[in-house]
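Please keep the model open while reading this note, and look up each element as it is named.

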Amino acid sequence: MVVFALVKCQKSAVFPADQYDNRLSGGDATVFDATSKAFGNAFENLSSYDGYMHEMGDKVFSQSFVTAPAPIHSGLGPIFNNTSCVSCHHNDGIGLPTAGDAQSSLLMRISLPGTDANGGPVAVPGYGLQVQDKASYGLQPEAKVNIAYTYQTYSFDDGETYELRAPTYALSNLYAPISGTYLLSPRLAPPMIGLGLLEAVPESEIVANADPNDVNGDGIAGKANYVYDVITKKMQLGRFGWKANTASIITQVATAFNQDMGLTSSVLPVESSYGQTQYDSLHDDAELPDTTLNAVKFYAQTLAVPARRNTTDATVKRGEQLFMLAKCASCHKQTLTTGVNVAFPAVSNQVIHPYTDMLVHNMGIGLADNRPDFKAGGQDWRTAPLWGVGLFPVINNPGFYLHDGRARTLVEAIMWHGGEAAASQAYFSHLSKSDRNAVLKFLNSL
Amino acid sequence: MRGKFLITLSVIGLAIAGCKKDNANNSSGNTSAQATLEQQVLTDFAGNLANPNYQDIQANALVMNNAIIAFNTNPTDNNLAAIRTAWKNTRAAWEKCEGFLFGPVEDFNYDPTMDDWPVNKADLDNVLASNNPLQVSDIDQLGTTLKGFHAIEYIIFGVGSTQKAANITDRDKLYLASLGQSLYNTTVQLRNSWDPAQANNFTAEVINAGNGSTRYTSRLDVFTALVGSMADICNEVANEKMQTPLAAQDSTLDESSFSHNSVNDFKNNITGILNAYKCQYPGAASGHSLSELVASKNASLDLKIQSQINTAIASFSSITTTYEKAIYTQQNQVKTVQNAINTLKVTLEGDLSAFIQTNIKD
């Protein structure tokens, strides 16, 4: 219906010659909303049952949980990172790069050097793979996460300056000693939009873009991450997370409940604190009913993608050209197509514009966490989808970028790019101010 | 966080905006008179509604804080009743501002800081049993389910509104004093965030929309946020706050169950929509309003919206008991209220959103 209505109104000057409306970033799952709530819309035309499931998931997503035993919303902790989904994913968007506060959205992964039996990171005894920096009252959190920034000013060719802040992360107040060295990796809560679409992109389409040995010699060597899925107990293509270390939305959601909030479910029934001094010894697992878990999974699966704005603006078009010329699109691929799925027509056979290849790339030492995660190396990060990126300041004022929110503006985010993206970053830095602004205006149209 | 209705209707609205040029009722040309009115509506929204509403929350929170101090000095049931009255008054002003929940209240998480739910009773008991000094700085370190309106509500009303002054311990009093001060401090931050006399205030962002505002590049952006927030609170009240305990037949899922204040909460939320639409707040001068703007182009739509808001507000009078009881004994009345609010929601997301998109061009 959307397409029909738009075609009906079509003017030749407005839409591209191929008759396709390039505002529809999420295909049929696109929503025309550029307000602070723009990341919180359901796909349209969900059946009434699906709409009910989405709303149910929405309620749980924004619901605060409390310490067990409690008559309602019980099961938080005993160790956790936050008390509700929305406490990190504010307005379903990207979070705040702080740790330990009520609205903090940064968590810290932790592991020992080496790989485990499945090729993944090695859990730290007494800590697992994630630091829970909050605890039920009277219990000690696993650790305090300390973030410090050093600031340095740089210049573009034309003399305009910009500042980058480089973070350092350290743990203090450990509840138990860790022997030997350990690896840390910060992860900021990412936006929730379009996950169902990304899950529906065929593995073959993603893998087809991989070129791990850069055989084509273009300087871009994207690789698919293959990860052990804790629910299916199989190695699968990693799609979600900043290092593409999670294979599916259900695993992402169940793991977030378990690790971020301390809520057990039928698929992950063991408390994150099991075997630790904070463990509550209550026989209340699974704390989360399957209906609740599945509703939140469905909610995450059916959040629509906001439409682009100002796509016919001449400066935006110029910025798009420069984005191509800078070869940003080598990784931030504009277009993917979802597979045919008769069981879930809302995500079936959609041409989408996520601006990602869903592969991991070497981004250089500046951004490196030096903590491998399955096939993603210590300098590798998944190409972040850029759809919705222009709305970050509206949705999460003032908006933060990159895996740990170190970038406070899109300019900073671009200038942090290194490794395979170094040439594109250099291209941008050599542009005139008006052309740099055109690139930014293009990004802000996404 | 947002229903699917908006999407369909706003897309249709957009399509209409693109197709229709010269409809008499929906003229898309923007005269300077209309631009002036649009600007006046935004200026008065900030000056005659948002600022007075946030000032009122702060003023009532101060009264509550003083009532807590008086109670702690002289812990009588009368003084406890005074805190309860002040809590309900502060709550009323707060729930009204939820009729337009955008800007600093969401940007800086003042909402969850003051109004998270449910209370974490297991932790709260442990806080009271501990040797935590319970100073304001200690309260600020606690999670949001251990402070704000509902933690105060739990102490001053108790489960089933059965609390007595004599049962409030010295530790309770210490905690209550800091909870009251902490809540007041947050209301000051919220009020200051809009105060035109403060640096980087949000009033300037609204009234300079499209003219230097860093937040809003057009007046349309503010109107869209405003109308969206009005519709969102309809959804939250009818389909979440009212529906969840009703569907589960479980009064513990009712937000203000300790105080039995939920019906007032709901009604004040919808009154907040009326205030936002008419640009009015008790004790403040009324201003140029969204209603006036709609009426200038489409008088029948304005009347329809006003009528639906008033019908929704009036429908609450059919619930004659606490919401905790009404979900069992007055289900038809509850559903009547929900239907009235959802009717309004459809109009706000449909007709009013389309009106805004069609008529506000800058």
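1. Basis of the note. This is a predicted model, in which local features need pLDDT of at least 70 and side-chain atom pairs count only at pLDDT 80 or more, while totals for chains, interfaces and linings use all residues. Residues are numbered from 1 along each chain as its sequence is written, and chains are lettered from A, with ligands numbered from 1, in the order in which they are written.

2. Domains of chain A. Chain A is divided into domain 1 (2–44 + 309–444) and domain 2 (53–194 + 240–301), with bounds that come from an automatic or database domain assignment. The centres of these two domains of chain A, taken over C-alpha atoms, are separated by 25 Å. Across the boundary, 38 residues of domain 1 of chain A are in contact with 35 residues of domain 2 of chain A, where contact means that the C-beta atoms, placed from the backbone, lie within 7 Å.

3. The domain 1 side of that boundary. Strand S17 (380–382), helix H9 (392–395), helix H10 (410–416) and helix H11 (422–430) of chain A each give two or more residues to the side of domain 1 that touches domain 2, and H10(A) gives the most, with 4 residues. Helices (H or I, at least four residues) and strands (E, at least two) are DSSP runs, numbered from the N terminus. By class, this side of domain 1 of chain A has 17 nonpolar, 11 polar and 10 charged residues; Ala, Val, Leu, Ile, Met, Phe, Trp, Tyr, Cys and Pro count as nonpolar, Asp, Glu, Lys and Arg as charged, and the others, Gly among them, as polar.

4. Strands of chain A. An open sheet of 3 strands has the order S6-S5-S10 in chain A, with antiparallel pairing, and its edge strands are S6 (130–131) and S10 (183–188). Two strands pair if DSSP finds at least two bridges between them; S5 (residues 106–111) and S6(A) have 2 bridges, and Met108(A) has Val131(A) as its bridge partner. Elsewhere, S11(A) and S12(A) form a hairpin with 4 residues between them, and Lys233(A) in the turn has a positive phi of about 60°. These two strands run antiparallel and are joined by 4 bridges, with Tyr226(A) partnered by Leu237(A).

5. H11 and H13 of chain B. How do the axes of H11 (residues 219–241) and H13 (residues 262–278) of chain B cross? They come within 10 Å and cross at roughly 165°, where axes are lines fitted to C-alpha atoms, for helices over the stretch in contact, and angles run from 0 to 180 degrees between N-to-C directions. H11(B) and H13(B) are therefore roughly antiparallel, a term for angles over 145 degrees. The contact of H11(B) with H13(B) has 8 nonpolar, 2 polar and 1 charged residues, including Leu226(B) in H11(B) and Phe266(B) in H13(B).

6. Two further helix pairs of chain B. The axes of H2 (residues 32–73) and H9 (residues 170–194) of chain B come within 9 Å and cross at roughly 165°, which makes H2(B) roughly antiparallel to H9(B). The residues of this contact of H2(B) with H9(B) divide into 16 nonpolar, 8 polar and 2 charged. H15 (residues 299–315) and H17 (residues 331–359) of chain B pack at an angle of about 155°, with their axes 9 Å apart, and so H15(B) is roughly antiparallel to H17(B).

Conventions. Parallel < 35°, antiparallel > 145°, perpendicular 65-115°, else oblique. Contact = placed C-beta atoms within 7 Å.
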